[in-house]
Amino acid sequence: MLGSPQLLFYVACFVLAESKVANVNRHEARKFPDGMLLGAATASYQVEGAWDEDGKSENIWDTLTHREPCVIAECHNGDVADNSYHLYKRDVEMMRELGLDFYRFSLSWSRILPTSFPDKINEKGVEYYNNLIDEMLKYNIQPMVTLYHWDLPQKLQDMGGWANPHIVDWFTDYSRVAFELFGDRVKYWFTINEPREVCYQGYGSASMAPLFTMSGYADYICSKNLLVAHAKVYHMYNNEFRPTQGGTIGIVVSMKWYEPVSEEHAEAAEDLTQFEWGIYANPIFSKTGDFPQVMKEKVAAKSKAQGFPRSRLPEFTPEEIELVKGSSDFLAINHYTTNMVYRNESVFGYHASPSYYDDIDVILYTDSSWEGSASPWLKVIPWGFYKLLTKIREDYDNPTIFITENGFSTRQVLVDDDRVSYYRQYLDVMLDAIEDGSDIRVYTAWSLMDNFEWLQGYTQRFGLYEVDYESPDRTRTPRKAAYVYKEIIRSRTLDFHYEPDMTLPLTIDEGH
Ligand code: PNW
């Protein structure tokens, strides 16, 4: 009988179910919050080239790529890279074509301080960064500057690099020079890009320069020194520069989402999370500070069982805990992808011992059904980004978040529908997290253009612009993703249905 409560109930259920399905498929255009900044990023060694020009000295990537050229895919190196040292005007033109609010780039320590120390400042190197910054500001594009994105001066590496506690002074001295030189115009500073990649990949797993394999020792020592160095620079900026320069400063942490294969593996996933990025986030963003408790306990117990007189994880002094706690104005996150995690008997003896992964006792993998990219590690899992942002909001009392990298790799191709789809899906869940209350102020696409992808050379491309490495002028051509990102920035709207006309050139709009 029409109008009966039962029938009404069924109709209501049907309408609800339909609208849910329709929502997923329809993808209504969504507005970005007012004031949200949208930009793109690169890093010095990946784009600059000019590796030995105008007084620059060698860094660890120059050394590695020259000493062992073929540890890099196709024996590539960054000697010329995108030649941005000479083509910065074209780079700024691209930023204007896209209408970027900001551009995140990094400084090359050995270009500014060829001796590694402030006894000699390389005017030519300084001039390059002044030119780049001034050219950007002419068009109202905010510079966001990373002090350290992996290109340590070789001399400092020869003295132990991040495993030598003196790095705290070396990094502080270098950073002071950078604030003095550029801080009148640069209002967004990042101390260190991705401590995990610096320490674990550089000193533990041999997947970044200097390609060390001392996992379970050197990576932990690096982590401690790096956090103290970061905190010293934070306080120096706070005390000596912020009063007159008025900028903001923080650290950039790479964060994956770790999904347990089932509820009973939730603890394994949480342990892994604490080892992978809690190690950097907990000392700075938690109420207690210090390395995560689970990490201290596990490494201490393993070390003891292995016959070490003390934990392989170094301790912070109480003063260091206080120094590091709260030493970031925001949490800057680089996020790309998700891993599955489990822990069962098979994990025992699975990893070399002692080592970082042996300390954690987990196995991680990516599901073979997941959509991939040109990088074997990078799978398209937007729900992982959503869960990560939710966890951070809950665990660290809703900190201000900057997304400082997010992106997708392809081969050389201009119509990159898979990249377009990646960006749209990840932006969509970021907007969901903002609706839930996350305080996300900045979003950064990695990368403005193809560049030297570390051990993968130029074989994996992350650019909104494609770079032609065969052409002497490193011709940059906008991909479909560049057209789409431009429209997102122009309209401040995410619209899954927008189709750009790629027969038209990507031109600079008025006011840019
Ligand atoms: C970043 N992960 O590293 C770096 O900051 C860039 O220099 C690099 O080119 C870019 O990613 C692409 O690889 C990553 O945990 C660090 O999934 C960690 C992860 C991914 C990338």
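Biologist: Where is Lys391 found?

Modeller: Lys391 is in helix α15, which covers residues 382-395. Note that this is a predicted model.

Biologist: Why does Lys391 count as buried?

Modeller: Its relative accessibility is 12%. Buried means under 20% relative accessible area, so Lys391 falls in that class. Leaving aside neighbours within four places in sequence, Lys391 is in contact with Trp257, Glu270, Thr273 and Trp277.

Biologist: What makes Lys387 partly exposed?

Modeller: Lys387 has a relative accessible area of 33%.

Biologist: What makes the pairing of Lys387 and Glu259 a salt bridge?

Modeller: The N to O distance between their side chains is 3.1 Å. The cut-off is 4 Å between a side-chain nitrogen of Lys or Arg and a carboxyl oxygen of Asp or Glu, so the pair qualifies. Lys387 is in helix α15 and Glu259 in strand β7 (residues 257-260), 128 residues apart, and the pair links these distant parts of the chain. Glu259 is buried, because its relative accessible area is 15% and the limit is 20%.

Biologist: How do you know that Glu405 is buried?

Modeller: Glu405 has a relative accessible area of 4%. That value is under 20%, so Glu405 is called buried. An unreviewed UniProt entry annotates Glu405 as "active site". The residue belongs to strand β11, residues 400-405, and its contacts beyond four places in sequence include His149, Asn193, Glu194 and Tyr336.

Biologist: Why is the pair of Glu405 and Arg104 said to tie parts together?

Modeller: The closest N and O atoms of Glu405 and Arg104 are 3.0 Å apart, and the two form a salt bridge. Glu405 lies in strand β11 and Arg104 in strand β3 (residues 102-106), so the pair joins parts that are 301 residues apart in sequence. Both Glu405 and Arg104 are buried.

Biologist: What makes the pair of Arg479 and Glu466 a salt bridge?

Modeller: Their side chains meet at 3.2 Å, N to O, and 4 Å is the limit, so this is a salt bridge. Arg479 lies in the loop between β14 (476-478) and α17 (480-491) and Glu466 in strand β13 (residues 465-467), so the pair ties together parts 13 residues apart in sequence. Both Arg479 and Glu466 are buried.

Biologist: How many salt bridges does a search of the whole structure find?

Modeller: The search finds 38 salt bridges.

Note on methods. Residues numbered from 1 in each chain as written. Predicted model: local features only at pLDDT ≥ 70, side-chain atom pairs only at ≥ 80, totals over all residues. Heavy atoms only, no water. UniProt positions renumbered as here; feature names shortened; annotations may be inferred. Helix = DSSP H or I, 4+ residues; strand = E, 2+ residues; numbered from the N terminus. Buried < 20%, exposed > 50% of the residue type's maximum accessible area, 1.4 Å probe, protein only. Contact = heavy atoms within 4.5 Å.
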